[in-house]
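Open the structure in your viewer and keep the selection panel at hand.

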Number of protein chains: 2
Amino acid sequence: MYTLSEENYLKSIYRLAQQNGFKITPTAIAEALGNNPASVVDMIRKLTEKQLIAYDKKKGVELTPQGLKDAVLIVRRHRLWEVFLLEKLGYHWDEIHDIAEELEHISDATLADRLDKFLGFPEYDPHGDPIPKANGKVPKPYSVTLTDLKTGDTCRVAAVRDTSSPFLQYLQRLDIGIGTNIQLLEKIPFDNSLVISISGRESTTVSQKFGENILVD
Amino acid sequence: MYTLSEENYLKSIYRLAQQNGFKITPTAIAEALGNNPASVVDMIRKLTEKQLIAYDKKKGVELTPQGLKDAVLIVRRHRLWEVFLLEKLGYHWDEIHDIAEELEHISDATLADRLDKFLGFPEYDPHGDPIPKANGKVPKPYSVTLTDLKTGDTCRVAAVRDTSSPFLQYLQRLDIGIGTNIQLLEKIPFDNSLVISISGRESTTVSQKFGENILVD
DNA sequence: TAAAATAATTAGACAAGACTAATTTTATAA
DNA sequence: TTATAAAATTAGTCTTGTCTAATTATTTTA
């Protein structure tokens with residue numbers, strides 16, 4: 001299909017497009033990938049030539065229909081492999097992201113669909129992200145975060161935005177997982193810290209950054 | 001761990017060492033990998049510096065203890081993934097080699113062992129090749145080929161040496177798989193073609209090259 | 001709106017891993 | 001044992017994808 005780098009750029013652009021509705025700039029992509037903006041400019045040129053993205057200084061980077069299709073497939077593979085690693089191989093949810101990052105690039109035509117079937121057509125990956133369907137349809141991801149709640153609101157953790165090990169380990173320590181109930185007790189005006197109650201237990205304070213990475217139902 | 005190329009060289013060298021007891025030359029490696037001998041010389045230098053191989057013009061290329069360990073792990077992963085693809089995802093045996101060729105490079109510390117456990121610690125892969133154990137021990141591979149038999153001998157197909165799609169599809173056409181019984185009826189002196197009976201059925205003639213790729217019990 | 005800061009881009013370099021062409025070694029055969 | 005063929009090696013090139021440093025655009029902000 002494409003090179004490893006090309007695939008990673010497509011996926012990054014897709015993720016950025018999903019997360020915020022904002023303009024996707026070379027700098028934003030560079031940050032997401034941990035690359036230098038100069039390198040990103042090169043790759044933007046390459047992917048534009050291949051008609052996978054369109055770049056307009058005003059609008060920023062956008063995926064073309066083909067680019068979107070390819071990006072969705074990569075994300076589909078990533079999330080299916082995550083389910084496999086957790087459910088079949090017994091990994092913990094803070095260990096699977098990086099491995100899936102490698103597995104997602106295996107490019108056999110029928111592999112994703114076979115894996116999907118083998119896993120029983122899961123709807124969500126272990127982090128609560130929706131798994132794109134074989135036909136390319138992507139179930140709407142959750143979009144409300146803990147920081148969007150009003151004081152007193154109660155919610156269920158539906159997904160996590162950050163899937164990195166440090167964040168997931170922190171969640172584990174707080175005994176928060178997909179499905180955990182959380183009540184927002186208070187917002188601290190000074191730094192937007194959140195005072196919450198996890199599963200009805202005594203209150204805990206978490207940062208704004210933390211809250212933005214918890215998607216709720 | 002290592003780069004994709006380095007891993008492929010290690011694996012190739014290991015396979016060559018297993019197959020024939022002969023000297024492993026740059027040219028032989030080049031042929032195995034479909035590369036130019038000049039490129040191989042470069043990589044021999046690199047792997048020698050990394051102490052993964054030793055190269056002596058007289059003895060040819062040899063794996064060092066570390067190189068052997070690494071190569072065996074790659075082969076282990078390859079063969080485990082082949083079992084997974086066939087048994088769990090329902091691929092046919094002529095489709096799995098190339099996919100496993102990609103999967104074998106996924107480098108998580110516990111992945112191979114978890115996969116091994118998940119698959120029930122298989123002894124052989126779908127082509128009859130022995131799967132190296134977690135401790136690095138490699139069961140002795142089959143070494144007698146169809147061409148080694150004497151006229152009249154009967155045997156059981158234990159493994160195939162070539163695992164490429166064209167060869168396996170040919171086998172499928174002849175209705176030969178692991179476990180199939182074959183009797184050698186005649187050797188044609190002119191070109192060493194073999195006249196055989198498959199599962200007791202009417203005779204078929206196959207080439208010497210074919211016979212060399214069938215390992216028997 | 002002019003100055004300062006930030007972002008985007010260009011130019012040039014580099015490492016990995018491949019190649020071709022030319023050369024040197026080694027092996028084979030007359 | 002010399003001539004020929006084959007193998008190994010060197011030198012130099014290319015592509016991919018990265019980088020740094022310098023330059024040009026574009027935003028902010030005073």
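Two strands count as paired if DSSP finds at least two bridges between them; strands (E, at least two residues) and helices (H or I, at least four) are DSSP runs, numbered from the N terminus. This is a predicted model, in which local features need pLDDT of at least 70, side-chain atom pairs count only at pLDDT 80 or more, and totals for chains, interfaces and linings use all residues. Residues are numbered from 1 along each chain as its sequence is written, while chains are lettered from A and ligands numbered from 1 in the order in which they are written.

Select B:Ile182 first: its bridge partner in β5(B) is B:Ile198. Now widen the selection to β4 (181-187) and β5 (194-198) of chain B, an antiparallel pair with five bridges.

Next, show the whole open sheet of chain B, whose five strands run in the order β6-β5-β4-β3-β7 with antiparallel pairing. At its edges, β6 (203-206) and β7 (214-216) of chain B each pair on one side only.

Move to the contact between the chains, where residues touch if their C-beta atoms, placed from the backbone, lie within 7 Å. Chain A gives 12 residues and chain B gives 12 residues. On the side of chain A, select α5 (96-103) and α6 (111-118), the elements that give two or more residues. The largest share, four residues, comes from α6(A).

Finally, show both chains. A rotation of 180° with 0.0 Å of shift along its axis superposes chain A on chain B (RMSD 0.0 Å), by least squares on the C-alpha atoms of residues with pLDDT of at least 70 in both. This is the relation of a two-fold axis. Select A:Leu103, the residue of chain A that comes closest to the rotation axis, at 3.6 Å (C-alpha).

Terms used. Contact = placed C-beta atoms within 7 Å.
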